Amino acid sequence: CAAVPDPAGSFEESKWWLSRPGAVEERCLVTEGRAVLYPTGGGPTIRIQKGDVVIFRKGFSCTWRVEEEISKHYNYFDANGKHWRPRES
């Protein structure tokens with residue numbers, strides 16, 4: 001998954017949990033790049049870069065300011081900490 005700056009240099013964190021019922025965390029390893037995250041509603045800024053492990057919990061919202069194109073490996077997890085998988089239809 002890559003995060004590339006738009007012409008303004010920022011983008012909003014997606015609401016990934018809306019399309020993944022039962023998932024409560026996105027855990028990712030940043031493999032390339034650097035960004036600053038500004039939580040919606042205030043709070044301390046979060047700087048992430050290559051080598052960081054980042055956990056995004058359901059409901060977290062922020063604006064990303066991508067300083068260097070970001071790539072990451074990620075998976076979703078349920079409330080029991082188990083790997084989340086889509087329900088079969």
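This is a predicted model: local features need pLDDT of at least 70, side-chain atom pairs count only at pLDDT 80 or more; totals for chains, interfaces and linings use all residues.
From the N terminus on, the elements run β-β-β-β-β-β.

User: What share of the residues in the protein is buried?

Analyst: Of the 89 residues in the protein, 30% are buried. The protein exposes about 5,800 Å², and carbon and sulfur atoms supply 50% of that area.

User: Why is Lys72 called buried?

Analyst: Lys72 has a relative accessible area of 10%. The cut-off for buried is under 20%, so Lys72 counts as buried. Lys72 is found in strand 6.

User: What makes the pair Lys72 and Glu26 a salt bridge?

Analyst: The closest N and O atoms of Lys72 and Glu26 are 2.6 Å apart. A salt bridge needs a side-chain nitrogen of Lys or Arg within 4 Å of a carboxyl oxygen of Asp or Glu, so this pair qualifies. The pair links distant parts of the chain, with Lys72 in strand 6 and Glu26 in strand 3, 46 residues apart. Glu26 is also buried, with a relative accessible area of 3%.

User: Why is the approach of the side chains of Lys72 and Glu26 also called a polar contact?

Analyst: The side chain of Lys72 makes this contact with the side chain of Glu26 at 2.6 Å. A polar contact requires N or O atoms within 3.5 Å, so the distance of 2.6 Å meets that limit.

User: How many salt bridges does the structure hold?

Analyst: The structure holds seven salt bridges. One of them joins Glu25 and Arg27, with the closest N and O atoms 2.9 Å apart. Glu25 counts as buried at 12% relative accessibility, whereas Arg27 is partly exposed at 30%.

User: What makes Glu68 and Arg34 partly exposed?

Analyst: Relative accessibility is 38% for Glu68 and 34% for Arg34. Buried means under 20% and exposed over 50%, with partly exposed in between, so each of these values falls in the partly exposed range. The side chains of Glu68 and Arg34 meet in a salt bridge at 3.2 Å, N to O. This pair links distant parts of the chain, Glu68 in strand 6 and Arg34 in strand 3, 34 residues apart. Salt bridges that share partners join Arg34, Arg47, Glu67 and Glu68 into one network.

User: Are Cys28 and Cys62 buried or exposed?

Analyst: Cys28 has 4% relative accessibility and Cys62 has a relative accessible area of 0%. The limit for buried is under 20%, so Cys28 and Cys62 are buried.

User: How many disulfides does the structure hold?

Analyst: The structure holds zero disulfides. A disulfide is a covalent bond between the sulfur atoms of two cysteines.

User: Where is Cys28, and how far is it from Lys72?

Analyst: Cys28 lies in strand 3. Cys28 and Lys72 are 44 residues apart in sequence and 6.2 Å apart in space, C-alpha to C-alpha. Leaving aside neighbours within four places in sequence, the contacts of Cys28 include Phe56, Lys72 and His73.

User: Which residues have the most contacts inside the largest nonpolar core?

Analyst: That core has 16 residues, and those with the most contacts inside it are Ile48, Phe56, Trp64 and Ile70. The elements that give two or more residues to the core are strand 3 (25-39), strand 5 (53-57) and strand 6 (62-77). The largest share, five residues, comes from strand 6. Beyond its neighbours within four places in sequence, Phe56 is in contact with residues including Trp16, Leu37, Trp64 and Lys72.

How values were computed
Residues are numbered from 1 along each chain as its sequence is written. Side-chain values use heavy atoms; hydrogens and water are left out. A nonpolar core is a set of buried Ala, Val, Leu, Ile, Met, Phe, Trp, Tyr and Cys residues joined through side-chain atoms within 4.5 Å. Buried means under 20% relative accessible area, exposed over 50%, partly exposed in between (1.4 Å probe, protein chains only). Helices (H or I, at least four residues) and strands (E, at least two) are DSSP runs, numbered from the N terminus. Contact means heavy atoms within 4.5 Å. A polar contact is a pair of N or O atoms within 3.5 Å; within protein, one must be able to donate a hydrogen and the other to accept it, and residues adjacent in sequence count only if both atoms are side-chain atoms. A disulfide is a pair of cysteine sulfur atoms within 2.5 Å. Accessible areas come from the Shrake-Rupley method with a 1.4 Å probe; for residues, only the protein chains shown count as cover.
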